[in-house]
Amino acid sequence: MNMARSRAFCLLALFEVALLVLSACGSAGAPPTAANQPSATGAASQAAATSAAVQATQGMTEASTSAAVQVTQGATEAATSTAVQATQGMTKVTTSAAAAGCNIKPPAQPQEVTFLGWPGWDVDTYAKWLDDCNSVNNIKVNVRTMDNSSAVEQMKLAFSSGSASPYAIVHQSNSSIQQNAYKGWLRPLNDLIDTYRSQYNLNDIAQTHWDAATFDGKILGIPMQSNTILLMYRSDLFEKHNLKAPTNYDEISTACKALKSEPGITVPFALDLSAGWAWATAFFEAIRSEGGDFFAQGGNAPAFNSPQGVAALTKLKQVVDACMGTQGLAMGYEQFQAALRNGSVAFIHTWADGGAAMVDPSKSQFPNVIKFAPAAAVEPGGKLAGSAWDDYWSIPASYKGDPDLVFQMIMQVASPERQKEAAKLGLVTRTSVASSSSLPYATAAVETISKGVGAYPKSPALNVMETALGNYLPLVGTGELSPKDALQKAEADYIKEAKTQGFLK
Amino acid sequence: MLPVKNPFGRFVIYLTLTIYVSITSLPFLWTVLQSLKNLRQANARPPLFIFKPTFESYTSLWFRTVPKDLPWLMLGFVVVNLAIIVSARAMARRDASRLAIVMLVLVSYYLLFWAIPQIVKTADFYDFFVNTVIVTVGTVIIAVSVSSLGGYALARYGGISGAMILIVALAFQSLPVMAFALPYFQLATVTGLQDSYVLLIMVLVGLHQPFALWMLRSFFMDIPQEIEEAAMVDGASRLTAFVRILIPIMWPGIVSTGLLVALGAYHEFLLVRVLTQLRWTLPVAITKYIGTVYSSINTVPYAAAVCVTVPLLILVLFFQEQLVKGLSSGAVKG
Amino acid sequence: MKRKTFIGFVAPSVILMVALLIIPLVVAIALGFQSFTYLTLNARKFVGLENYQSILLDSRFWQAVRFTFLIIVIVTPLEMIIGSIVALLLDQIPKGRRGIFVSLCLTTYVSVPIVAAYMFRGLFQSDGLGTWIIEQVTGQHLIMNEFAVKMLILAYGVWRDTPFVIIIVFAGLQSLSLEYLDAAAIDGANRLQQIRHVTIPHLAPLLMLIAMIVIMAKYQLFDAIFVLTGMNPIYHADTIMAYNWRTAMELEQLGKANAMSILTVGGLMIVLIPFLVRTWRSQTRER
């Protein structure tokens, strides 16, 4: 036995002891455990730790390979006993605190409930409440969030595999719910909604929200968050230049010309055109505002290559040239929202839920002068270029657990009390709560939704169309394609792909 | 190049190296700096260099509820880890293998990870960290043990079949993982192993084993055949000779190979993303912060990037010798 | 070693390789001849060579190929030159002081690619240090247009992989005996001549090898594109891998994506041939 080896053994024995002391301290020191005979727990684990230490020292003096085994055994035994005590302590405490958070009858079998979505104020808040259900016996909640397109890809992978869905609840937008709806990947919730309608007062959620989530009579998602596009602007700069909040795209371009020279402003105005899908969304709002649409009435035939489409895209291009330039084109909404808060952008067209951070002094440098207005229309007097957007929570069709339980868990988060809390952060879907919203942008948002372009069109081919548009519209922004050519190419691509996939004859 | 003697020349050499190294580490240093600011400070123009640091981004990354005695817990954690790492390093340098010690380190880590959730309420980033450790360690152990057997045999046996195996190994170690994503996905569905550690480890072993095989073969070729033959004359079987005599001699090579396999497993992004729904490892978990609203509402994404990199930094600090050896011998002898 | 023992020793490796590499590759090749999306994952249609045909006629694929080769042609020499120079300088420092430099070089190389790309991008965001420095030096705003993004991708490549070159060239330098250099110095060769006539010939095979490894790594560049362009088509900065990913994830043409991977594999094999031949020779040699 050489020196180095026994030194290593010494060290390791020491860590084990340190670990045990650490875990013992934790379980005794955690305030809730105090209720659970603190002295006994502490003493027991301390004793365990000491015994481990004794064994460890013994092992060392023997200085043979068997010592290693003994050390490990001793440590593990002691550790296990502490573990049991610690966990016991914890469960007791949490069950007592459970009542306020999650009113669900514990399931007979252990259930793992996993949520997949993308981060935002809604998911951040709701996930915390969903987490409360961890305190109910036999329920384990996991929350997984990743960026929007990654999350949508994860759903594709999980649902197409044909095996049971690992997710119990999936976050959906107006766009993703369509992809999943027509593929039959979401569970119709009609039966559950009927069962629990009165218990959770589901009539409180307005019919328009339900309609956007209904496909062939099947309700596929529970509306959790409402959203739309707003104009957010620096009122101090607008006053300085004698400008009013723009109500159409021409006024936006005019305001840009005035604000361009303002010191510190790198891009006067921005709307999200940072990727193919973002262009498709902006184009949808613009073409609807012009009176056109994506699809021809009642079918999957494309209607976007129309005079209204060309006009909408031309207006968008004008705004890009007057306001955004290449720099603005590269900015995603999260970037230009930050830019408005730190003063390098003067006004933006963006998601309403970014509004809370604008007036938060710890996040924004201009909390008092950033103001909100309804989205601008493309032409004067047209519909406002902001869609009525909802976020839904759905249950995958291939989920093999107990849908009743999952539904009730969703309802815990969507309860009126919780929605009142949530309404401080963003727009919610319960009429009773939404009507009394105190958000600074609530009026502007309500106006945009009522005078805006409405919800997304429903079509199984929407995804194909968005991809086709997303491939060419960005090239209009950079000037490589004229609006006309871009729409023509996108239309050709769409028709080809829709035929392959059987959406068009 | 012969050593430069003149002092001005030496000064220029140090200066050039320092400039290069500082440019190279700039992105990391900047990320660390940003992670210690609040959002207002992080967005400020011109950039702030002097500010009162806040660790809020780190605590909200790791904890669901921040424990009151956090500094002490952190101190304990760092001390325990440091002790384990230092002794692991001592072991990696030794001339002999000490399987028992390796097991002890693993047990220590198991206890460490197991103890933490008992003490504090951790956030999901911690779960991803544990997943990463499990997957990486599992991959290294299996890949290295399988390929040291194979590498040894290939070093001692010429001939067509050996050459075939090597050629295949070489060809596959540099193929794009994209080609395998869909077949693996189907494998997962067929076997029902979707989203399990077993699948992830299996796939990562499959991907990195050829490389380990290749490298260990070249290490074994450096060891004269007479060594194990002497043992076999004394009556030991080849396997016994391999385990008792060769592995101890080979230990440094095995450590180097293991480190590189660990890096490969830790880096994997695409496959883990395709094959897991819950058991994400850190590179996949980072998509929670990159390109989402988080990058506009707090500095947690910076903290996440730092935290994913720190384990690798520790690896570099403590196992530099072995890493360099692995990287260079992999290429020099390859 | 007896043949039987040999088989026993390599069996686990071979089984793993067959099950996890060869069979999946065969499956991938088969999938390349079929047409399917996520929805029809289990109802695939055999289409023969149609996928390959549509790839070869796809102008965006060729654009991706061009950009990938542009990266290889620009980044590889830069990396090799900077890496060799730094390695030569590193060789000049006494042993005890090398540690810190090697550590810092290694840090860049071992960091997780997608995180490294994210950290690199952080420098050039609107609030980044790099942006600010560029503004101070040039007096102009850094505008993220196609050119700037492509430059960033190239810079990222050089930044990330040069340390690898440094470390390996440095290791190669350790095996160069000082006697040769002394001899050259006595013959009156100056430093540059020493490098040219002694060091470079000594390192030549190694440099070739590094170049090959670097080229293969660049061939598969994906993470950087994913992070630095956000997959925005306006930059025309798809590499082969990025376009492959786009085909699979955005366009949902899984058969075509698979066929594209197979084409990439074929391309890589061509780069690998000299390597393979060398291996074959060394392994079939008697021992």
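Strands (E, at least two residues) and helices (H or I, at least four) are DSSP runs numbered from the N terminus, and two strands pair if DSSP finds at least two bridges between them.

Residues are numbered from 1 along each chain as its sequence is written, and chains are lettered from A and ligands numbered from 1 in the order in which they are written. Because the model is predicted, local features need pLDDT of at least 70 and side-chain atom pairs count only at pLDDT 80 or more, while totals for chains, interfaces and linings use all residues.

Strand β1 (residues 111–117) of chain A runs parallel to β2(A) and is joined to it by 7 bridges. A:Gln111 has A:Ile139 as its bridge partner in β2(A). Contact here means that the C-beta atoms of two residues, placed from the backbone, lie within 7 Å.

Chain A as a whole has 20 helices and 13 strands. Of its 505 residues, 54% count as buried, that is, with 20 or more other C-beta atoms within 10 Å of their own; 12 or fewer makes a residue exposed, and values in between partly exposed, with C-beta atoms placed from the backbone. Among contacts in chain A between residues at least 6 apart in sequence, 75% join residues at least 24 apart.

Chains B and C meet in a contact that takes 87 residues from chain B and 89 residues from chain C. On the side of chain B that touches chain C, α15(B) gives the most, with 15 residues. By class, that side has 63 nonpolar, 21 polar and 3 charged residues; Ala, Val, Leu, Ile, Met, Phe, Trp, Tyr, Cys and Pro count as nonpolar, Asp, Glu, Lys and Arg as charged, and the others, Gly among them, as polar.

A nonpolar core is a set of buried Ala, Val, Leu, Ile, Met, Phe, Trp, Tyr and Cys residues joined through C-beta atoms within 7 Å. The largest has 314 residues, of which A:Ile169, A:Leu230, A:Met232, A:Phe269 and A:Phe283 touch the most other members. α9(B) gives the most to this core, with 15 residues. Domain 2 (111–227 + 390–436) and domain 3 (229–388 + 454–500) of chain A both give residues to this core, so it lies between them; the domain bounds come from an automatic or database domain assignment. Beyond its neighbours within four places in sequence, A:Phe269 is in contact with residues including A:Ile252, A:Cys323 and A:Phe347. A second, separate core of 11 residues includes B:Ile84 and B:Val107.

Two loop residues remain. A:Asp216, in the loop between β4 (214–215) and β5 (218–219) of chain A, has a positive phi near 50° although it is not a glycine. A:Asp216 counts as exposed because it has 9 C-beta neighbours inside 10 Å. A:Asn242, in the loop between α9 (235–240) and α10 (249–259) of chain A, is likewise not a glycine and has a positive phi of about 60°. With 7 other C-beta atoms within 10 Å, A:Asn242 is exposed.
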